[in-house]
Amino acid sequence: MDEAFWQNKWELNQIGFHENKPHPFLVRFFPELRLEKGARVFVPLCGKSLDIHWLLAHGFSVVGIELSTIAIESLFQELGLVPQITQAGKVQRFVAENICIYAGNIFALTQAELGEVDATYDRAALIALPDTMRIEYARHLADITNEAPMLLVTLDYDQACLNGPPFSVTTEEVLRHYTEFYTVQMLDKHAVSGGLKGKCPATEVAWHLASK
């Protein structure tokens with residue numbers, strides 16, 4: 001699980017994790033964050049998610065980070081935007097109207113480079129990381145976003161049934177990683193239709209992480 005793993009996925013177009021519509025939990029529960037129009041939303045490990053299209057269409061400003069420049073270039077092309085590209089520390093910055101995507105490793109992104117954000121939407125970042133990285137990720141995310149409120153989506157399944165990613169993240173783990181920084185509330189959960197990758201039962205869970 002290094003950078004080359006994800007770069008290779010995009011280079012070979014092995015992007016079965018890319019959803020063909022905005023996530024239902026985003027549509028249902030993003031209003032729980034009670035944000036004003038124009039609020040700046042951070043989407044870590046964003047790929048070219050259609051969730052970004054949804055956020056922009058609903059009047060929010062989006063800032064994200066993604067390893068693959070292939071994904072970022074495709075995102076801007078699908079949005080019909082031509083970004084300005086500049087260097088920002090150890091990462092590149094792709095900027096157009098109401099959207100800024102950093103190209104690079106999230107652990108190389110600092111609070112100063114990210115700037116102020118009003119909320120975080122994590123649908124595919126925490127569950128993309130192995131357990132040895134999730135502790136560091138949760139702490140780093142809280143740090144660079146100044147513990148901004150978050151809509152988090154996780155998967156819970158028998159990890160022995162299927163190797164990740166996406167990885168299984170239990171309720172106990174969510175609480176362990178985030179209760180230091182947030183008030184954690186489970187919003188809903190539902191069974192993944194057809195099972196995860198058609199191989200094993202799985203439950204998708206939506207969480208509201210409120211600033212303390």
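Let me start with a contact between two helices: Ile52, His53 and Leu56 in H3 meet Leu75, Glu78 and Leu79 in H4. Contact here means heavy atoms within 4.5 Å. These residues divide into four nonpolar, one polar and one charged. For that sorting, Ala, Val, Leu, Ile, Met, Phe, Trp, Tyr, Cys and Pro count as nonpolar, Asp, Glu, Lys and Arg as charged, and the others, Gly among them, as polar.

Before going on, the basis. This is a predicted model, in which local features need pLDDT of at least 70 and side-chain atom pairs count only at pLDDT 80 or more, while totals for chains, interfaces and linings use all residues. Residues are numbered from 1 along each chain as its sequence is written, and side-chain values use heavy atoms, with hydrogens and water left out. Helices (H or I, at least four residues) and strands (E, at least two) are DSSP runs, numbered from the N terminus.

Back to the pair. H3 covers residues 50-57 and H4 residues 69-79; they pack at an angle of about 45 degrees, with their axes 11 Å apart. That angle makes H3 oblique to H4. Angles under 35 degrees count as roughly parallel, over 145 as roughly antiparallel, 65 to 115 as roughly perpendicular, and the rest as oblique. The axes are lines fitted to C-alpha atoms, for helices over the stretch in contact, and angles run from 0 to 180 degrees between N-to-C directions.

Val62 sits in strand S2, residues 61-66, and counts as buried at 1% relative accessibility. Buried means under 20% relative accessible area, exposed over 50%, and partly exposed in between, with a 1.4 Å probe and protein chains only.

H6 (residues 131-144) and H7 (residues 171-178) pack at about 45 degrees, with their axes 9 Å apart. H6 and H7 are therefore oblique to each other, and their crossing is right-handed. Which residues in H6 and H7 meet? On the H6 side they are Arg134, Ile135, Tyr137 and Ala138, and on the H7 side Glu173, His177 and Tyr178. This contact divides into four nonpolar, one polar and two charged residues.

H6 itself has 14 residues and reaches 20 Å from its first C-alpha to its last, close to the 20 Å expected at 1.5 Å a residue; the expected span is 1.5 Å times one less than the number of residues. Its buried residues are Arg134, Tyr137, Ala138, His140, Leu141, Ala142 and Ile144. What covers them includes strand S1 (40-44), helix H5 (111-114), strand S6 (119-122), strand S7 (150-157), H7 and strand S8 (182-191). Just after H6, Asn146 takes a positive phi of about 55 degrees.

Gly115 lies in the loop between H5 and S6 and is partly exposed, with a relative accessible area of 26%. Its C-alpha is separated by 9.6 Å from that of Arg40, 75 residues apart along the chain. Arg28, in helix H2 (residues 24-29), counts as partly exposed at 49% relative accessibility.

Notes:
A crossing is left-handed if the near helix is turned anticlockwise from the far one by less than a right angle, and right-handed if clockwise.
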